[in-house]
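Dear colleague,

Please find the sequence and the structure below. A description of what was found follows them.

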Amino acid sequence: MKNRNAVLIFVLFISLTVFASKKSEDEKIEKILSQMTIEEKVGQMNQQNFNALDDNLINQLKNGQIGSLLNISDKTAIDKIQRIAKTESRLGIPLIMGRDVIHGFKTIFPIPLGQAASFNPSIVESGARIAAIEASSAGINWTFTPMLDISRDARWGRIAESLGEDTYLASILGAAMVKGFQTNDLSNPTSIASCVKHFVGYGAAEGGRDYNSTNIPPYLMRNVYLPTFEASIKVGAATVMTSFNDNDGIPSSGNKYLLRNILRDEWKFDGFVVSDWGSMEEMITHGFAKDRKQVAQLSANAGLDMEMQSGTYMENLPQLVKEGKVSVKVINDAVRNILRIKFRLGLFDKNYTEKNVPSEFYSPDHLLMAKKAAVQSAILLKNDNNTLPLKKGLKVAIIGPLADAPHDQLGTWVLDAEKSHTITPLKALQTDYPDVQYVYEPALAFSRDLNKEHFSKAVIAAQKSDVAIVFLGEESILSGEAHSLSNINLIGVQSELLEAVKSVGKPVVLVIIAGRPLTIERDLKNADAVLYIFHPGKMGGPAIMDLIFGKENPSGKLPVTFVREVGQIPMYYNHNNTGRPAIGRVTRLNEIPVEAIQHSLGNTSFYLDSGNEPLYPFGYGLSYSRFEYSNLSLSAQQIKMGDSITIRATLRNNSDVDGTEVAQLYVQDIVGSIIRPVKELKGFRRVLLKANESKVIEFVLSANDLAFWGLDRTLKAESGDFNVWIGGSSVAPLKATFTLIP
Ligand code: BGC
């Protein structure tokens, strides 16, 4: 009883504190708002690209015409700008300074797709924390990340920036990133506001062509594309960026239903919404608005608070208010949302001293974490005859254009990186493994290089060595924004280089460093082991070398399905079943008898040339350890709505090597009011197992975890039978069934 009272008093105290701080936040906002002219209000809604700290900019600052700048990361200039805004403008409102700090500021971490391969929320959170510490020391207080677009299409260059194809994984990792950037107190001097983007559906761009239209129907939108955003907003993401694409004919920057009904009314989001670069004025090109004035009217009324760079608000909103086409309330609400985040960030209380604070760039703990993230992001796809890890004393040939490419291993969006700080695999070999004898022959100057002149040198290098390590992949510039590809084989003549090296007859280790899943089926025969690492960032070299020499054991798992042929796209593990699924072996092209009769192949859903299976499934990844799953058991055969069920299995490391396995839980709702996917990830855990150790792993599923948007347009679980699987990938073999009863 005593305890209960104490809890009640505590809850009351917390509620009163929250209420009081909300009240004082509101009071501060209203006080400023009441003094603002319409032009000053619209100024807050205006974000400009930073070009130069010239008279023009200074005048705009003094006149309160800018709410935010982007693309500035010079502390002295930022402080000067903030000081002018704070002390020389009428109302003294500081700017929010935005920057794309996507996977590190100076200490570059693996690209987000690589981070996702770690299946490790804590490492993702640490990466964001470190990026925030470094970026905030340069005066930046807002980052345009995480990108929460689900992507099922490796042609799309921005898959590199995504957290993969799975909604559950991306929701958890995205929320971890938000927490890392923001902590739980935005006013903490090293916190920076996070911006979840691109709201919404951008990853489903038709044909994987960037900026393209999407056609996502309501259930898919609710069950696949929206939850990642909702999860990050639940943990307090301060801002949201609208996407470039239109969905079903409505561009996001003019989509009232998304920005008001879902974001504000349903999710109670109280931060602000910013457009993407030019996404508002592009509504003219889309054919959704006739001119810049209509753009401003549509976006403001839709609930878009701040315009990035295109200036239609500044130009038109005061007039639109006069004409009654945009209400003062719409403007006031937008300004409230922006000021709220500025207050929460403590921008009004900061001293803008123009002095450089001691920077923590590249501090040893940052480097260590970046290396750890790179290690955990590497996926061992193949390891015939235990080629890896390499035994001691072998002479190695280091071959390929990505063995020593300090810029290209960093990946996309590294605006503030310095390639001189990158440690490449070659450099790591030289410094960390001084006893290893090696020869180095890049053979190609960069991944697209078509000059085969030096292939013979690579062949000689392999001949002189015991093993060849061939570093192939993609330069940074081949993935990321506006870098879609229709052919995702290893680019240029890299496959030929690999083939030439393999022809020597020595064991070949293929290391692929890339921004997307490539179609590498044709290359597998030319490699005894394949280590795949999405652009791993600054510490990629040491991470790769430690994995190759066995100081580290691979533990990454695929956050996306690897297809055999580009024509299989989209192919993802959590698809719906057709009425005619192709299960098991299917007839292939060369097996069809000449003049076969129409129905002789079996009428199921597959490709005659590439079959029905991916090359590697979602969740897949090998280890130097051998993991075995057994004894799947359920705490009950039936559960009621509101209850939970515990699912257990034994995981054994049946090898002499310590290792970490990402154990995964999948569920299928067998019959639904709308068809449910054949399998959905519902839990994962990194489990460290000593050599020959066994552990019982446990997942608890509540009925809520089984909920989806169904026929009645609400989020709820439906009673019925469910399959569950536990295993090391999405083709986990251990299966059981339980029933959810009303
Ligand atoms: C991208 C955004 C980015 C913005 C600002 C746009 O082109 O789509 O993701 O945050 O530019 O640099």
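**Val 700 and its surroundings**

Apart from neighbours within four places in sequence, Val 700 is in contact (heavy atoms within 4.5 Å) with Ser 644, Ile 645, Thr 646 and Asp 705. Val 700 has its place in strand β22, residues 694–702. Helices (H or I, at least four residues) and strands (E, at least two) are DSSP runs, numbered from the N terminus. Between Val 700 and Asp 185 there are 515 residues in sequence and 30 Å in space, taken from C-alpha to C-alpha.

**Basis of the values**

This is a predicted model, in which local features need pLDDT of at least 70 and side-chain atom pairs count only at pLDDT 80 or more, while totals for chains, interfaces and linings use all residues. Residues are numbered from 1 along each chain as its sequence is written, and side-chain values use heavy atoms, with hydrogens and water left out.

**Domains**

The protein chain is assigned domain 1 (29–355), domain 2 (369–548) and domain 3 (627–741); such bounds come from an automatic or database domain assignment. A distance of 36 Å separates the C-alpha centres of domain 2 and domain 3.

**The sheet of eight strands**

Eight strands form an open sheet with parallel pairing, in the order β9-β6-β5-β4-β3-β2-β1-β10. Two strands pair if DSSP finds at least two bridges between them. At the edges are β9 (272–274) and β10 (307–308), each of which pairs on one side only. Within the sheet, β2 (residues 68–70) and β3 (residues 96–99) are paired in the parallel sense over three bridges, and Leu 69 stands opposite Met 97 in β3.

Two helices that pack on this sheet may be noted. Helix α7 (residues 167–182) touches β4 (142–143) and β5 (193–199), and its direction makes about 150° with that of β5. Helix α14 (residues 328–344) touches β3, β5 and β9, and its direction makes about 105° with that of β9. Axes are lines fitted to C-alpha atoms, for helices over the stretch in contact, and angles run from 0 to 180 degrees between N-to-C directions.

Strand β5 also holds His 198, which is joined to Lys 197 by a cis peptide bond with omega of about -5°.

**The sheet of five strands**

A second open sheet has five strands in the order β18-β26-β25-β20-β21, with mixed pairing. β18 (638–640) and β21 (680–689) each have a single partner strand, so one side of each has no neighbour in the sheet. On average, neighbouring strands here are turned by 25° against each other, direction ignored. Strands β20 (residues 659–669) and β25 (residues 720–727) run antiparallel and are joined by six bridges; Gln 664 stands opposite Gly 727 in β25.

**Pairs of packed helices**

Two packed helices are described by the angle between their axes and the distance between the axes. Angles under 35 degrees count as roughly parallel, over 145 as roughly antiparallel, 65 to 115 as roughly perpendicular and the rest as oblique.

How do α12 and α13 lie to each other? The axes of α12 (residues 292–302) and α13 (residues 312–322) come within 8 Å and cross at roughly 80°, and the two helices are therefore roughly perpendicular. The residues of their contact divide into six nonpolar, five polar and three charged. In this classification Ala, Val, Leu, Ile, Met, Phe, Trp, Tyr, Cys and Pro count as nonpolar, Asp, Glu, Lys and Arg as charged, and the others, Gly among them, as polar.

Helix α12 also packs with α10 (residues 256–266): their axes come within 8 Å and cross at roughly 15°. α10 and α12 are therefore roughly parallel to each other. Their contact is made by Lys 256, Leu 259 and Arg 260 of α10 and by Ala 300, Asn 301 and Ala 302 of α12.

Helices α15 (residues 364–377) and α20 (residues 540–548) pack at an angle of about 50°, and their axes are 8 Å apart. These two are therefore oblique to each other. On the α15 side the contact involves Lys 371, Ala 374 and Val 375, and on the α20 side Gly 540, Pro 542, Ala 543, Asp 546 and Leu 547.

**Backbone details in two loops**

In the loop between α20 and β17 (627–634) lies Pro 570, joined to Ile 569 by a cis peptide bond with omega of about 0°. Gln 309, in the loop between β10 and α13, has phi near 70°, a positive value in a residue other than glycine.
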